[in-house]
Amino acid sequence: MLTHRRPSALLRLLALSLALSTALCLVIGAVLADARAQTAPQYTFTEVANSVEDGFDPFNFGCAAINTRGDIAFRADRLAPDGFNTIDGVYRANADGTLTTIAEDQKRFNFFGSNPSINDSGQVSFAASLDAQDKQTGHNIEAILRGDGKKLTTIATTADRFDSFGFDTSINDSGEVAFAAELDEEFGFDEGLFSGSGSKKGGVTTHYLTSTSDFDGSDSRPSINNLGDIAFRESVNFESGIFVGREGDFAQIVAPDPDVSVQEPVLNDSGTAAFQRSFTDEASQEFVEQIVTGNGGPLTVVADTRDEFAFFGFRPPSINNDGEVAFHATLDDGTSGIFVGSDPVADRVIATGDTLDGSTVQNLTFCEEGLSDSGELAFIATFEDPATFETRVAVFRVTPVP
């Protein structure tokens with residue numbers, strides 16, 4: 001025969017205490033989670049262009065660059081009238097909601113560089129291949145151009161002394177465009193760093209040539225600020241460093257180091273550069289990637305793959321004149337997103353798997369001019385219709401909520 005004993009007062013007290021403790025932990029956890037969520041930056045997202053309504057090819061978008069007033073420059077393709085081919089173009093989604101064509105001419109251009117640069121007056125710089133051949137070489141002429149939607153200004157072309165260009169440019173508020181280039185055969189295919197504003201009086205300024213400097217030569221993107229200083233990645237004896245200056249007068253932001261690899265920098269007006277670096281940690285033998293900032297002194301680490309980041313985007317991070325930094329990264333769980341700091345939760349702006357504009361984000365593109373001095377961001381998002389599996393791509397402006 002089984003008998004049922006009533007629990008003693010002590011046991012009832014212990015059970016009650018355990019229940020209260022569990023409830024308290026859940027409440028504290030919820031409060032902490034809510035507090036962490038409240039500290040995360042809040043944003044509004046505005047779609048400024050998309051592949052469906054604006055007739056762009058969803059598979060041929062480049063980078064998006066934003067200025068202080070909220071204009072966004074981007075490269076994309078439109079479907080040609082034949083319904084099969086595409087026409088390259090560079091466009092500006094204006095802060096007032098209109099869309100301006102900076103350059104789009106199937107008869108004049110073959111293609112454009114994927115990563116246009118924009119200044120605060122809305123001028124856009126880019127590289128292009130023209131539908132015209134150099135009489136001496138027989139190659140298509142390349143050009144560095146600047147446009148505002150009304151006219152195009154030619155900064156430099158391979159019809160002159162240049163043989164080829166690095167296809168990523170940088171423009172400052174004075175309209176000066178910095179670019180890397182290789183001179184033609186007459187000059188021994190010498191490589192160097194150049195800039196110009198398109199004026200007949202000013203011409204093109206040579207900042208260095210490999211033949212008269214310690215640099216090995218590079219076609220990577222330079223970054224010019226409003227003081228006219230240019231930051232760039234170069235190698236000396238095949239070891240890469242970050243340098244800044246102009247017209248042969250350069251300082252080191254990061255000295256060349258055989259054990260450290262650095263990528264292209266982005267420079268703000270205070271002389272601080274943001275860039276990626278990578279190395280093998282001697283203690284753990286772990287390969288490490290970092291987003292860092294520096295101005296010649298000790299580097300400041302913004303984010304590190306020894307935490308929850310697996311690796312960073314293929315384009316440089318973006319830095320504004322307040323020293324704020326934004327970057328693209330992929331987390332250890334495979335999620336990729338745009339972040340403004342080292343905390344993958346509190347510093348997340350948007351990530352794959354998030355719902356945006358009523359659809360799930362499949363992919364994100366964020367580049368070196370994606371963060372403005374006003375704190376706004378620009379990016380390109382890819383969506384897929386779950387019913388038709390059709391791809392849609394849109395350009396977004398992100399505004400911080402005060």
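## The largest cavity

In this predicted model, 29 residues line the largest cavity, and those that lie nearest its centre are Ile118, Ile171, Leu267, Ile319 and Glu369. The volume of this cavity is about 400 Å³, and the structure holds 3 cavities of 30 Å³ or more.

At least two residues of the lining come from each of strand 7 (117–118), strand 12 (170–171), strand 16 (223–224), strand 21 (266–267) and strand 26 (318–319). Sorted by class, the lining of the largest cavity comprises 14 polar, 8 nonpolar and 7 charged residues.

## Glutamine 252

Glutamine 252 belongs to strand 19, which covers residues 249–254.

When neighbours within four places in sequence are left aside, glutamine 252 is in contact with Ile242, Phe243 and Gly296. Glycine 241 is 11 residues away from glutamine 252 along the chain, and the C-alpha atoms of these two residues are separated by 7.5 Å.

## The chain as a whole

The protein chain contains 33 strands and 1 helix, and 49% of its 402 residues count as buried.

Where contacts between residues at least 6 apart in sequence are considered, 41% of them join residues at least 24 apart.

Conventions:
Residues are numbered from 1 along each chain as its sequence is written. This is a predicted model: local features need pLDDT of at least 70, side-chain atom pairs count only at pLDDT 80 or more; totals for chains, interfaces and linings use all residues. Side-chain values use heavy atoms; hydrogens and water are left out. On a 1 Å grid over the protein atoms alone, a cavity is a set of points where a 1.4 Å probe fits but cannot get out, and a pocket is an open set with protein on both sides within 12 Å along at least five of seven lines; lining residues have an atom within 4 Å of a point. Grid points are joined across faces, edges and corners, and a volume is the space filled by probe spheres set on the points. Helices (H or I, at least four residues) and strands (E, at least two) are DSSP runs, numbered from the N terminus. Ala, Val, Leu, Ile, Met, Phe, Trp, Tyr, Cys and Pro count as nonpolar, Asp, Glu, Lys and Arg as charged, and the others, Gly among them, as polar. Contact means heavy atoms within 4.5 Å. Buried means under 20% relative accessible area, exposed over 50%, partly exposed in between (1.4 Å probe, protein chains only).
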